[in-house]
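Welcome! Let us walk through this structure together, one part at a time.

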Amino acid sequence: MTIIVHSVSGAPRAWRVLLGLAFKGLPYETRYLEASKGELKSSGFLKLNPRGTVPVMQDGGITVRDSIGCLAWLDAAYPEKPLFGHTLTETAEIWQTTLECCDYLRAAGNELLFPILVENKPLTPKGTSYHTALKTAADAMHTEFDFLETLLDDRDFLAGHSPTAADAVAFPEVRLVERATDTKADIMGALGFSKTDNRYPRLAAWKARIACLPGYANTMPRHW
Ligand SMILES: N[C@@H](CCC(=O)N[C@@H](CS)C(=O)NCC(=O)O)C(=O)O
């Protein structure tokens, strides 16, 4: 039975699950929904997930409707190539980094990128509350990028030498910043996100490493 992932193209939390499946080398099918057409709140989808959010993953008779729940469940159901480590020490480190990325990196990503990528807002003049909020969000994102850069000091992936749940959670956030840097270069440049790969070289190498993994291309947002 094929694993099905319900997703919105580019939604970071659904992307986590696609990456987890790719890291484990599991076959799956992605069913894309259009948030702008109200498909997340349709009666059919609300039966799968009353919160009307993605991801939702179905495997046989099991439905899981939370990104971290999906990653944890995949490891329990398909133990090969674990996303949460082989040893207690690895597991502790992976869960910690995963949840730190869920909290701090995701919050910074939302504050910074929702206005720029989703609402398409311009960077209004200095002194306005929007400008100040965006600057604060950019500073928070730089702090998180510095944190990831430090983690990658002595390893190929965020929690060791193979990709784990921590990479699956962090990668969409980092790649969305790159997307904003490519498509909104003026705003992102003003916020210190031009030449990001020079400023964060280990993060750049980590992104390239993930992009080389089998199955990576199928996880990419289809509208990019
Ligand atoms: N805790 C959930 C949150 C899921 C979530 O908020 N997903 C976003 C996409 S990244 C969504 O579906 N937003 C649509 C909405 O809230 O209406 C998880 O991690 O799976």
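A residue counts as near a molecule when its C-beta atom, placed from the backbone, lies within 6 Å of it. By that rule, the residues around the ligand are Val8, Ala11, Pro12, Arg13, Ala35, Leu40, Gly52, Thr53, Val54, Pro55, Asp66 and Ser67. This shell holds seven nonpolar, three polar and two charged residues; here Ala, Val, Leu, Ile, Met, Phe, Trp, Tyr, Cys and Pro count as nonpolar, Asp, Glu, Lys and Arg as charged, and the others, Gly among them, as polar.

Please keep in mind that this is a predicted model, in which local features need pLDDT of at least 70 and side-chain atom pairs count only at pLDDT 80 or more, while totals for chains, interfaces and linings use all residues. Residues are numbered from 1 along each chain as its sequence is written.

Now step back to the whole chain. It has ten helices and four strands, where helices (H or I, at least four residues) and strands (E, at least two) are DSSP runs numbered from the N terminus. Why does a radius of gyration of 18 Å agree with a compact globule? Because for 224 residues such a globule would have a value near 17 Å; the radius is taken over C-alpha atoms, and the globule rule is 2.2 Å times the number of residues to the power 0.38.

Strand E1 (residues 3-7) runs parallel to strand E2 (residues 28-32), and five bridges join them; strands pair if DSSP finds at least two bridges between them. His6 has Arg31 in E2 as its bridge partner.

The chain is divided into domain 1 (3-77) and domain 2 (88-219), with bounds from an automatic or database domain assignment. Their C-alpha centres lie 22 Å apart. Eleven residues from domain 1 and 16 residues from domain 2 take part in the contact, which requires C-beta atoms, placed from the backbone, within 7 Å. On the domain 1 side, helix H1 (12-24) and helix H3 (67-77) each supply at least two residues, and H1 gives the most, with eight residues. That side divides into eight nonpolar, two polar and one charged.

Most residues other than glycine have a negative phi, and most peptide bonds are trans. The peptide bond from Val54 to Pro55 is cis, with omega near 10°, and Pro55 lies in the loop between helix H2 (43-48) and strand E3 (56-59). Lys81 is not a glycine, yet has a positive phi of about 50°; Lys81 sits in the loop between H3 and helix H4 (88-118).

How values were computed:
Two residues are in contact if their C-beta atoms, placed from the backbone, lie within 7 Å.
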